[in-house]
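Subject: Handing over the two-chain structure

Dear colleague,

I am passing the structure below on to you, and my notes follow it. Please read them alongside the coordinates.

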Amino acid sequence: MTSPIAGLPTDVVQADLGAGTVAFTIDTATYPLEAVYGASYIFIDRCFVLLDRPADGKIRVSLAPKKGVPDADALRSIVGEFGNELLGCAWRAQITQQNRAVIEALTTQALAGAMGPPSLDELASFDFTEESFEDPLGIATSWEDKYKKKDGKDATATAAPSAATSSQPAESPTGGKGDAA
Amino acid sequence: MIELRLHRDLYRGTAVDEAVKVFARHGTFALSEQPEHWVVRVESKTPARERQLAGELGNYALGLTVKQGGAT
């Protein structure tokens, strides 16, 4: 038979003094499942912990002390301690989530630093010829490779237009020929 | 006999199996599945022992689930 516990809301916490158990419902919008797991894990050495999901977004926690038959004060103390632990776990989970990017960056830097700089032998044996990305527009191709002279004939044909162009007077950026003055 | 109902969203199935294996020599267990729960029926010599056995089995399954990062 369930009975209320003084100082705790009756619609959230129900105690069964005959069985020595106390149960309460947690809203997962307030306390995430990770926090419930964390707080429950801390209590499994002194209580029998049973979790259930009576409805979506709700988790029901039942606690029964392993030793002795607890009275109402003992059950109230257990609920209070669990609530405090739950709050701490929820806060730690939130901090971890907020700082996840920083933690990952620092860990990566620490691991990279622990590896040390590459030795000269490692640099000498490194394969720089491996193409690491596709270059369909030829942006990474050098000027010499892109416009190199294939033979003497092509070189003359290529050079002629540039010579003709160079004989023309230079146009100013505004469209006029020669100097504006 | 105590019927322990462990919600599938909160307890990993492999953790429940492992817990039953660990406590198998302390009592008699019958496993079954329901749409939302893993159901374990626990039988032992005395009601007090059954209660303790069911509680410890639930704790063990919960601890394994937490260590493995959750039910899913």
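In which hand, left or right, does α1(B) pass α2(B)? Before the reply, please keep in mind that this is a predicted model. The crossing in which α1(B) passes α2(B) is right-handed.

Helix α1 of chain B covers residues 13-22 and helix α2 of chain B covers residues 47-67, and the two pack at an angle of about 135° with their axes 8 Å apart. Because of that angle, α1(B) counts as oblique to α2(B). On the side of α1(B), the residues that meet the other helix are B:A15, B:V16, B:E18, B:A19, B:V20 and B:V22, while α2(B) brings B:L57, B:Y60, B:A61, B:L64 and B:T65 to the contact. Sorted by class, the residues of this contact comprise 9 nonpolar, 1 polar and 1 charged.

Of the 181 residues in chain A, 16% are buried, and among its contacts between residues at least 6 apart in sequence, 53% join residues at least 24 apart.

Helix α2 of chain A, residues 72-98, has 27 residues and reaches 39 Å from its first C-alpha to its last, which is close to the 39 Å expected at 1.5 Å a residue. Its buried residues are A:L75, A:I78, A:V79, A:F82, A:L86 and A:C89.

Finally, the contact between the chains takes 11 residues from chain A and 10 residues from chain B. On the side of chain A that touches chain B, the elements giving two or more residues are α1 and β3 of chain A, and β3(A) gives the most, with 5 residues. By class, that side of chain A has 8 nonpolar, 1 polar and 2 charged residues.

With best regards

Definitions and conventions. Residues numbered from 1 in each chain as written. Chains lettered and ligands numbered in written order. Predicted model: local features only at pLDDT ≥ 70, side-chain atom pairs only at ≥ 80, totals over all residues. Axes fitted to C-alpha atoms, helices over the stretch in contact; angles between N-to-C directions. Helix = DSSP H or I, 4+ residues; strand = E, 2+ residues; numbered from the N terminus. Parallel < 35°, antiparallel > 145°, perpendicular 65-115°, else oblique. Left-handed = near helix turned anticlockwise from the far one by under 90°. Contact = placed C-beta atoms within 7 Å. Nonpolar A, V, L, I, M, F, W, Y, C, P; charged D, E, K, R; others polar. Expected span 1.5 Å × (residues − 1). Buried ≥ 20, exposed ≤ 12 C-beta atoms within 10 Å, placed from the backbone.
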